[in-house]
Each structure stands twice: as structure tokens, then as C-alpha cells.
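Please find below my notes on the model you sent. They are set out as numbered points.

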Amino acid sequence: MAQPPLPPPPRAQTSPGPVKVGTAPNRRLGSVRGVLVSSPPGRRARLSSPGTGRSSSEAREELRRRLLGLIEGNRVMIFSKSYCPHCTRVKELFSSLGVQCNILELDQVDDGANVQEMLSEITNQRTVPNIFVNKVHMGGCDRTFQAHQSGLLQKLLQEDSTYDYDLIVIGGGSGGLACAQEAAILGKKVMVLDFVVPSPQGTSWGLGGTCVNVGCVPKKLMHQAALLGQALNDSRKFGWEYGQQVKHNWETMTEAIQNHISSLNWGHKLSLREKSVDYVNSYGEFVEHHRIKATNRKGQETSYTAAKFVIATGERPRYLGIQGDKEYCITSDDLFSLPYCPGKTLVVGASYVALECAGVLTGLGLDVTVMVRSVLLRGFDQEMAERVGSYMEQHGVKFLRKFIPVMVQQLEKGSPGKLKVVAKSTEGPETIEGVYNTVLLAIGRDSCTRKMGLDKIGVKINKKTGKIPVNDVEQTNVPYVYAVGDILEGKLELTPVAIQAGKLLARRLFGGRLEKCDYINVPTTVFTPLEYGCCGLSEEKAIEVYKKENLEVYHTFFWPLEWTVAGRDNNTCYAKIICNKFDNYRVIGFHVLGPNAGEVTQGFAAAMKCGLTKQLLDDTIGIHPTCGEVFTTLEITKSSGLDITQKGCG
Amino acid sequence: MRLSRAPECTAGRQDYNLLVIGGGSGGLACAKEAAQLGKKVAVVDYVEPSPRGTRWGLGGTCVNVGCIPKKLIHQAALLGGMIRDAPHYGWDVAQPVLHDWRKMAEAVQNYVKSLNWGHRVQLQDRKVKYFNIKASFVNEHTICGVTKGGKETLLSAEHIVIATGGRPRYPTHIEGALEYGITSDDIFWLKESPGKTLVVGASYVALECAGFLTGLGLDTTVMMRSIPLRGFDQQMSSLVTAYMASQGTRFLKHCTPSRVQKLPDGQLQVTWEDLTSGKENMGTFSTVLWAIGRIPETRSLNLENAGINTNPNSQKILVDAQEATSVPHIYAIGDVAEGRPELTPTAIMAGKLLARRLYGQSLDVMDYSNVPTTVFTPLEYGCVGLSEEEAMARHGEEHVEVYHAYYKPLEFTVAERDASQCYIKMVCLRKPPQLVLGLHFLGPNAGEVTQGFALGIKCGASYEQVMRTVGIHPTCAEEVAKLRISKRSGLDPTVTGC
């Protein structure tokens with residue numbers, strides 16, 4: 001993860017040897033990075049270890065409150081050491097500006113070391129001086145001077161109650177809304193700016209962001225529609241009788257789904273109103289420090305100021321950049337509200353979005369081809385990904401591997417029309433052509449960060465990806481600007497993660513809380529026709545981190561009871577756990593391919609949070625008959641090479 | 001190796017190291033595990049026909065007249081619901097939609113028979129000798145087995161495991177009950193639809209059977225004397241029955257049947273007393289199903305010949321933590337043992353662990369706490385750990401915090417299903433970090449949802465830890481990780497929005 005440019009993250013400043021807090025020799029004082037006051041590594045670990053007793057955690061809590069009180073209660077708060085020349089420079093700066101500061105000299109109080117520890121927790125900065133201006137964490141000496149030069153410092157000093165809002169959130173998706181509402185609950189004056197730029201096909205939608213409008217929600221509902229098609233097939237085996245002809249009506253389905261989404265949009269609006277969050281349906285763009293310009297659909301501009309900002313603008317589907325793509329192709333932004341059945345469809349891409357969409361369309365009875373450049377579900381466990389793919393292939397999805405489209409041409413207009421796609425091999429000169437009614441691009445997503453004036457206030461983004469690097473408290477390099485959700489660099493693009501991050505951020509900013517969003521062991525589920533749920537590491541990643549010989553992988557096929565009478569495949573559903581042999585066989589990866597994988601995975605994710613081991617799995621009683629119980633009876637290791645096929649009972 | 005704890009062998013050299021009486025989940029697991037460990041093992045199994053004459057093959061209750069056929073027919077009923085959902089999702093399903101019991105029953109029964117066969121093969125593969133004989137003790141190392149044809153065999157062993165399970169109980173003082181009623185031993189093996197059915201009882205068996213019969217379109221009534229699902233969390237239980245009632249199951253609460261008579265047209269006329277009003281009522285049904293409890297299969301074992309003690313009230317066999325009976329080399333596992341949960345997976349694990357202790361140098365004893373289970377009523381109810389009542393009783397009301405939520409499964413929205421009873425409750429200690437004492441989940445796929453959380457509770461999960469778990473969106477299970485409202489707060493626990 002990239003860090004803000006100045007000062008470098010504390011981790012990069014590890015001291016070469018133990019240096020006692022408070023008695024740090026001044027040998028590093030010449031460093032341009034500011035004073036380094038590092039404690040021996042063991043000390044830090046001990047202080048932050050959860051094993052410390054009740055009384056010490058109470059003491060910590062009290063100290064935290066005291067520090068936050070100082071930060072909240074003073075226009076300028078400087079945590080300093082009396083002998084530190086950088087601290088002196090900062091004090092002189094404020095003095096020259098005629099600004100009164102409150103200064104706490106850590107070397108002159110009894111619990112200076114604890115204060116420093118706590119400051120590091122609150123700000124992610126271990127060095128002094130540690131400066132707060134109007135409750136905003138400024139940083140150290142260099143940053144303060146930098147802010148002085150850029151004018152930010154003066155702005156911050158002027159601030160106080162002069163801003164229109166305590167917080168403006170840009171982007172009304174899962175993360176943004178969660179953050180805004182939590183801040184409002186904590187008594188802050190909050191605004192949410194949300195504006196959906198129509199897709200190239202002209203699709204646009206209401207409040208709630210990707211998940212609600214063009215993501216999880218419509219996706220899962222269409223997935224359910226496809227599952228019901230399967231259920232209809234199964235039902236005859238279970239004695240149900242009705243006319244043989246069962247057709248699917250796309251319009252009925254999308255209308256029902258869109259109705260539900262409208263109710264969610266409405267619900268979000270209502271919920272903002274109830275919490276007195278101002279919602280403005282305008283496009284937000286920074287124009288100067290602390291000031292944003294909001295442009296509505298009619299082009300009318302308004303400007304607002306706020307003490308703090310949260311960027312939560314999310315991502316939009318990427319286009320190929322080839323002839324005809326924006327004119328003729330659709331993306332997941334368009335599919336769920338498509339007013340007509342897409343017909344024969346080419347899905348380009350192998351992301352989970354691509355496979356989920358392909359699975360849904362196939363399940364509804366359409367002719368679907370997936371064009372894959374390289375691997376399926378990059379980043380996921382590749383054994384599982386291949387199993388997901390092969391199940392789809394067995395159930396009617398065609399895969400064109402190692403091809404990329406080079407041109408999309410319209411043959412006929414219509415709803416749907418006819419498109420010719422030319423694709424070339426990634427391995428040679430071969431090209432192929434195909435005719436489809438619909439081409440759906442699902443090759444990835446781009447962050448919506450480039451057209452919102454971030455350069456005006458100096459928020460750093462990754463030039464290549466457009467993602468925003470933040471520290472572990474979701475703070476950008478500009479101290480009063482934070483970011484959550486899909487636009488974060490190196491974080492997970494998942495609704496519940498964004499919600500968690502947004503909520504916790506608001507609590508830290510306005511509620512005096514400390515809890516950070518934990519991006520480890522986040523469970524997720526891919527809603528392909530056979531669902532794939534996972535938590536923790538993929539087998540590849542586990543091998544990379546822990547080495548193959550230190551791992552034990554347990555696995556098995558299983559046959560859901562409901563599938564038996566339905567006559568469905570018996571060596572398809574698959575369960576796998578990856579254990580670290582040298583950590584008490586702790587489960588570091590959990591993978592399940594089968595019906596209701598999401599429902600199965602959730603609880604195991606909670607168990608992994610609590611340190612799940614193989615022994616605990618073995619000691620837990622199964623719930624019979626379920627799919628989840630298979631994890632309580634895993635016996636065969638991958639290394640044994642033993643057969644895991646289910647013989648069936650015949 | 002600790003071969004035997006028996007102080008003496010009364011009949012000289014024994015035929016077997018281990019003799020297992022009862023070929024159900026626990027018995028088979030124990031026998032197979034012992035054989036795996038190199039022992040000479042025999043299983044004797046005999047299914048006494050039900051009063052209606054129903055009988056079945058190897059595998060015990062779970063496979064033949066329990067979990068397996070129950071869940072399959074539950075699935076058939078759920079599929080009926082999905083057929084009703086399908087048009088909302090764009091599927092054109094031609095009316096009328098009918099259900100053919102005969103076809104379903106045949107499919108389910110064929111699957112069960114394939115499992116019977118599978119169990120036979122597995123025993124053979126592991127060289128476990130199987131006898132289809134009815135066993136009774138001759139002495140503490142010997143049993144006498146009688147075949148269907150009346151032929152007798154004597155078998156002896158160093159260790160004997162009793163795993164004969166239980167069978168449904170018939171009421172003893174109700175005229176016509178035994179003659180005309182059926183039980184769960186029969187329902188799964190009926191060739192024809194039971195038609196309009198009266199289910200008597202309030203056990204999970206009663207509610208599950210009534211639930212799937214209703215789901216298959218049959219006119220179904222449940223008659224219960226007192227509370228539903230005794231021993232389960234009572235708030236959850238009442239939600240379970242409320243959902244069933246909303247789906248068309250009729251409930252006759254506080255009523256007890258007094259007489260069953262067969263009418264000339266073959267229908268059954270049931271007379272019952274309404275305990276609230278004291279009035280007598282009457283109704284006509286095609287089938288009367290008793291689900292008032294189960295009794296252990298101990299009476300024909302001649303346990304006294306071996307000196308094995310039972311609880312005179314429950315007739316169950318008294319066991320210690322090692323599953324040993326009053327006779328040290330004779331053990332009892334599963335439903336037949338006193339104080340054990342009547343669940344397949346516990347019997348399997350108890351059987352396996354017992355075999356490992358006997359022959360595998362293991363010391364692991366079965367932990368019967370925090371056993372998760374799921375009731376497969378139309379809206380499934382999964383739970384693990386303590387009920388709210390039990391938590392209050394053990395820890396005191398002021399030390400217990402209950403977090404709860406009414407939620408709406410995403411799939412219910414488009415299908416326009418009523419989610420009034422979809423409810424989750426987590427019972428915790430009030431003192432931070434708020435250890436989780438029990439989890440109760442009412443909704444679709446409750447079994448799948450509950451399993452993983454059972455692990456969490458096993459790991460000593462706290463409320464904080466569960467809340468720190470990121471949800472999987474959109475699932476029902478994620479609602480567990482989002483339980484924010486405590487009962488004590490009095491706030492509305494209805495989940496709104498996304």
C-alpha cells in the first residue's frame with residue numbers, strides 16, 4: 001500500500017537498535033524526517049497485546065479519552081518533546097502566526113511513553129511533534145510547514161464553525177451512506193452528494209450506489225430467478241406436476257427487480273432524511289481546500305464547505321477501448337434494467353461479475369459465451385475458479401479461452417439487435433468472428449476519482465488505477481480528506497467492507513472511538529450457478545506465504561441431499577480448508593462450492609475470526625442433513641492423494 | 001493397547017472384539033471405526049415392523065424414517081413454494097400445479113433403499129459381520145439373536161455397544177390410537193397420499209411432518225396439549241408455529257384426543273377435549289399421525305440378564321461420560337442412552353470416539369455441550385447453545401444481553417413473501433466481551449447458516465468478535481453479524497434498508 005508522501009510511514013523508520021523512550025539520544029535529530037522516537041519492538045507488542053489486564057485496558061481507555069479531549073478542546077494542540085528541535089520549529093511557526101497553542105511535552109509527564117503509544121494508535125504517527133489544528137490531524141513538522149506554504153494551515157486555523165458542514169460525503173453508495181448516517185447519529189451536520197453519470201448506453205439510477213442498483217442486489221435476485229429455473233426442473237422429480245412448457249419472461253423479472261430497487265432507493269432517501277443528512281443529487285468536485293462545487297442535472301452549480309470530507313465514489317465498469325465498444329456493448333450497469341431480453345450473449349471477461357452474469361443468463365435459458373483472456377476469477381483460489389467454470393460449462397455456458405475482442409460491429413438494430421464481434425487469439429495471429437444479440441463487457445472496473453478535482457487540493461491517487469491510497473484509518477495524504485469503499489487502493493471491493501469501513505470511520509472521526517476496519521479474513525461469495533464461498537487465503541496465496549510443506553489441505557466432494565432425488569451431479573460440490581501445520585492447524589483458508597455457499601460461509605468466517613482450528617472443526621457436531629456439516633467431517637488430505645469422489649449409494 | 005476393561009470373560013473365548021446392537025447412525029459409526037482399527041466386529045440389526053407393518057433396511061432411524069426422508073420431503077414442500085415464487089421472477093408456470101405423492105414417495109424411498117444398500121456394502125468393505133437378527137442379552141458377554149424365521153444364534157464379544165435407538169410412542173389410553181393411527185415410522189413409506197391429516201403432538205417431529213404435509217397441499221391440523229417444541233427457545237417456537245399457521249397449517253392448541261373411530265367410508269373420526277373450554281369436539285381426517293414422543297428400544301433386550309441399569313421412568317440406559325453402562329464393558333450410545341441429545345451427528349461422533357477409546361489409544365470423550373441443531377419446519381429454525389430462558393435461568397436476567405433482529409431475506413422481496421417471522425436472536429453474557437451463549441436463527445437455510453456459527457461458539461466467540469466479522473452480501477446469514485439492537489434497549493429490531 002502506498003503511503004502519503006510526507007512524512008513517510010512510521011513503519012519505514014524502524015530504528016536500528018533499541019532506543020529508550022524519553023531518553024532517546026539525539027543522534028537522529030538531524031534527520032529530515034523529524035524526530036524519531038522509537039521504542040524497542042517488544043515494548044510495542046506488549047502494550048498493544050490484547051492479553052493485558054482489565055485495569056490496564058481501563059487505564060488506556062482513560063488516557064485515550066484524555067488525549068481526545070485535548071485534541072477536541074484546543075484550536076491547536078501540539079504533542080511535543082521539550083528537547084526536540086523540530087518541535088521547537090513548529091512552536092515558533094505558530095507563535096509567528098500569532099496563534100496560541102496548547103503543548104504537551106511528553107518528556108515532562110510521567111506517562112509520556114503511553115501518550116506516545118496512544119497517539120500512534122490514534123494517528124498512525126509515532127513521531128513528535130504531532131500536531132492537531134481544529135481537530136484535524138496535521139501530521140508532523142514537515143507537513144505543518146507544507147500546509148503553511150499551501151495555505152491549508154491558515155484555512156484550518158480560520159475554520160472552527162465557519163464551514164457549512166462537519167462532513168461532506170461524496171458518493172451515496174454503501175460506504176458513503178453508512179459513514180454519513182453514522183456521523184449524523186453522532187450529532188454532526190452532514191451532507192451526501194450523489195450523482196450517477198449515465199452509462200454510455202444511457203442507463204442511470206437512484207441513490208444507493210452500485211450494490212443496490214447495479215450490483216449485489218439485482219445480481220442476486222436474477223441469480224435467484226435462475227435458481228428457480230433449476231428448482232422447476234427439480235420439482236418434477238419431487239412429484240410436482242404442471243404443464244411441460246415453462247418459459248421465462250425477461251420483462252416481468254426486470255420489472256419486479258427494478259421495483260424492489262426503487263423501494264430501496266426510496267428507503268435510502270428516507271433514512272437520510274430521518275437522520276437529518278442533507279442529500280444533494282449533484283456531482284461533486286473539489287475547487288479549493290475544504291470547498292466543493294456541486295453540479296446538478298441541469299448544470300446549476302452550488303458550492304459547499306466542510307471540515308472533513310469522505311470520498312466514496314466507487315467504480316464503474318471499464319470499456320475495452322476498441323471500435324464499437326461504447327456504442328454497442330452493454331455492461332453490468334445496463335444489464336439489470338435492460339428493457340428487453342438480451343438474447344444470445346457474449347460476455348467478455350472472467351471476473352466474478354462476468355461469470356455471475358453469464359451464469360444468470362444461461363440459467364434463464366439464453367445462449368451464452370464467455371470470452372476469457374487468461375484465467376478465471378483472478379485473485380481467487382484457482383482450483384475453485386476452475387471448478388466454478390467447469391460446472392458452468394457442463395450446464396451450458398460456452399467458454400472461449402485466450403481470446404480478446406478487437407472490434408464490435410452492428411449488423412442489425414433492434415431490441416436486441418445483432419452484433420458482430422471480431423476477436424483475436426492472445427497466443428497467435430488467429431482471429432475469430434461471432435454474431436451475438438448482446439455483448440456484455442465485464443473486464444474490470446475503474447475508480448471514479450479522476451474528475452472530481454482531487455488535484456486541486458492535492459489528494460494523491462494512483463495514476464494508473466485511479467485508486468486512492470490511504471493509511472489504516474482511511475485517511476488520504478490530505479489530512480481532512482478520507483476515502484472508503486471500492487476506490488481504496490489495495491482494499492476489497494465489497495459492500496459490507498465499505499459499510500464497516502464507513503461506519504468505523506465516522507465513529508473514529510466523531511465518536512471518539514478507535515476501532516479500525518479489519519480487512520483480514522473477509523468472507524465473500526461468488527453467486528455463480530454453483531455458488532462459491534470463501535474466507536481467508538487461496539491455496540496459491542497460502543503456499544506463497546507459508547510454503548507448501550507447512551500446510552495441510554483437507555478436501556472432499558459432497559452431494560447435497562436435495563440433489564440426490566433431483567438426480568443432479570454427485571462429484572461437483574466441493575469443500576476445502578487450508579491449515580497451517582505449525583500454528584496448531586489453524587484454518588487460514590476456507591472454500592466451499594455448493595448451494596447456499598454464502599449462507600454456509602458466513603458462520604465459518606465468524607469462527608475464523610475466533611481462531612478456528614482443524615481440531616475445533618472435528619470437535620463440532622454437524623447439523624444433519626446440511627451441506628455445511630461436511631466441514632465437521634473432513635478427513636482426506638490433499639497430500640495423501642486419496643480419492644475424494646463420492647461413490648454414491650447405488 | 002487397552003484391549004479390555006472387562007475383569008473376566010465368562011464365556012471363554014469371545015467370537016468378537018466388539019458387538020454392536022443396532023445398525024443406526026451411532027452403531028454403524030462405532031462398528032466401522034472399530035473395524036478400521038483392526039478389530040473383529042459384528043453388527044446386529046433388526047427392524048421390528050411398526051404397528052401398521054412398515055419396515056425398512058439397515059441404517060436406523062435417520063436414514064429410513066428420520067432426517068433423510070424428512071428433509072427430502074421438506075425439500076419437496078419447499079419446491080412447491082419455489083414454484084409459486086417463480087412467476088414473480090418471470091417464469092410462466094402453467095396452472096394447475098399438482099403434487100403426486102406416489103411419485104415423490106417412490107423417489108424418496110428409492111434413495112433411502114440405495115442408502116441401505118450403501119451401508120451394507122460399507123460394512124462388507126470393512127469386514128464387519130452383519131446379522132439381521134433381533135438381539136437380547138443372555139449374559140454380560142453373550143447375546144441371543146433371533147431371525148425373522150425364528151432361528152436362534154448365540155454371539156459373544158469382549159465389548160458390547162447398545163445402539164438400538166428409539167421408536168415413536170403411541171398413546172396408551174386413547175381408544176383407536178394404535179389401531180388406526182400412524183407415526184413417523186410410517187409416513188415416509190406411505191405409497192399413497194395421507195390426505196387430510198391430524199398430527200398429534202408438539203415435538204419437532206410433529207411440526208416438521210405437519211409443515212411438509214401443508215406444503216404439499218394437504219389439509220393439515222396439529223393438535224397439541226401444551227407448548228410447541230418443548231426444550232427449545234419458546235419465543236422462537238412460537239414464531240415457528242406462527243409461520244406455519246400463516247402457511248395454512250391449522251392448530252388446535254390445548255386439546256387432547258380422546259377417541260379415534262373408523263367411519264364406514266374409511267375416514268377416521270377423532271374426538272378431542274378442548275382443555276381450555278372443557279368442551280368435547282369432533283373432526284374427520286384421512287390420517288391420524290402420532291408424534292407425541294419416542295421410547296427407547298430397550299424392552300426386548302433383556303438388559304437385566306447382563307445387569308445393565310436403566311432409568312425406570314424413561315427406560316433409557318444409564319451411562320457415564322465414557323458412554324459405559326453399569327456394566328463396564330457394555331456401552332450405550334445414541335438415542336437409547338439417558339441424557340443424550342437424540343441427534344444423528346452426536347450418535348455418530350459418540351460412536352466413533354468410543355471405538356477410538358476402546359481400540360485406538362484415544363482418551364477423547366464426547367462433548368455434548370453446544371450441539372447445534374435445526375428444525376426443518378417450513379421456515380427453518382437453527383440453534384446452538386442456550387435458549388433465552390435457559391440463559392436467564394443460569395446466569396440471571398441482569399447478566400444476559402439478547403441481541404435480535406427481524407429481517408427480510410432478499411429473495412422474499414420480489415416473491416412478495418411475508419417475512420414477519422424471519423428472526424434472529426443472539427443470547428450473550430452482558431459483561432464485555434459478551435460471550436455468546438446461544439444463537440437462534442429462523443429463516444431459509446437455517447441449517448446452513450447455523451453450522452458455521454456453531455463453530456464460532458465452540459471457539460468461544462464473543463459478541464464483539466461476531467460483530468467484527470464482515471458480512472457476505474446479500475445473504476441471510478450476514479444479518480447475524482449485524483445484530484445491533486438489544487432487547488433491553490426496547491428499540492425496534494426490524495432491519496430496514498440494505
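The points below take the overall form of one chain and then a number of local sites.

1. Basis of the values. This is a predicted model, in which local features need pLDDT of at least 70 and side-chain atom pairs count only at pLDDT 80 or more, while totals for chains, interfaces and linings use all residues. Residues are numbered from 1 along each chain as its sequence is written, chains are lettered from A and ligands numbered from 1 in the order in which they are written, and side-chain values use heavy atoms, with hydrogens and water left out.

2. Overall form of chain B. Chain B has 14 helices and 24 strands; helices (H or I, at least four residues) and strands (E, at least two) are DSSP runs numbered from the N terminus. Its radius of gyration is 24 Å, close to the 23 Å of the globule rule for 498 residues, so chain B is as compact as a globular protein of that length. The radius is taken over C-alpha atoms, and the rule is 2.2 Å times the number of residues to the power 0.38. The C-alpha trace of chain B spans about 75 × 65 × 50 Å along its principal axes.

3. Of the 498 residues of chain B, 59% count as buried; buried means under 20% relative accessible area, exposed over 50%, and partly exposed in between (1.4 Å probe, protein chains only). Among contacts in chain B (heavy atoms within 4.5 Å) between residues at least 6 apart in sequence, 64% join residues at least 24 apart. Chain B exposes about 19,400 Å², and carbon and sulfur atoms supply 50% of that area. Accessible areas come from the Shrake-Rupley method with a 1.4 Å probe; for residues, only the protein chains shown count as cover.

4. Charge in chain B. There are 51 positive and 49 negative side chains in chain B, and the centres of the two sets lie 4 Å apart. Lys and Arg count as positive and Asp and Glu as negative, with His and the chain ends not counted. Each charge is placed at NZ of Lys, CZ of Arg, CG of Asp or CD of Glu.

5. Cis peptide bonds. The bond from A:His624 to A:Pro625 is cis, with omega near -10°, and A:Pro625 sits in the segment after helix H20 (614–619) of chain A. In chain B, the bond from B:Gln95 to B:Pro96 is cis, with omega near 0°. B:Pro96 belongs to the loop between strand S3 (91–92) and strand S4 (98–99) of chain B.

6. Positive phi outside glycine. A:Ser276 is not a glycine, yet has a positive phi of about 60°. This serine lies in the loop between helix H10 (250–274) and strand S9 (278–280) of chain A, and A:Ser276 is exposed, with a relative accessible area of 56%. B:Lys127 also is a residue other than glycine with a positive phi, near 60°. The loop that holds B:Lys127 runs between helix H4 (101–125) and strand S5 (129–131) of chain B; B:Lys127 is exposed at 69% relative accessible area.

7. A:Gln181. This residue lies in helix H7 (residues 174–185) of chain A and counts as buried at 13% relative accessibility. Not counting residues up to four places away in sequence, A:Gln181 touches A:Ser271, A:Leu272, A:Lys275 and A:Val277. The side chains of A:Gln181 and A:Ser271 are joined by a polar contact of 3.0 Å. A polar contact is a pair of N or O atoms within 3.5 Å; within protein, one must be able to donate a hydrogen and the other to accept it, and residues adjacent in sequence count only if both atoms are side-chain atoms.

8. Buried asparagines in chain A. A:Asn265, in helix H10 of chain A, is buried with a relative accessible area of 14%. Its side chain reaches the backbone oxygen of A:Leu207 at 2.6 Å. A:Asn471 lies in the loop between helix H15 (454–457) and strand S23 (481–483) of chain A, and A:Asn471 is buried at 6%. The side chain of A:Asn471 reaches the backbone nitrogen of A:Gln475 at 2.9 Å.

9. A:Lys326. This lysine is in helix H11 (residues 325–328) of chain A and counts as partly exposed at 47% relative accessibility. Leaving aside residues up to four places away in sequence, A:Lys326 touches A:Pro200, A:Gln201 and A:Tyr319.
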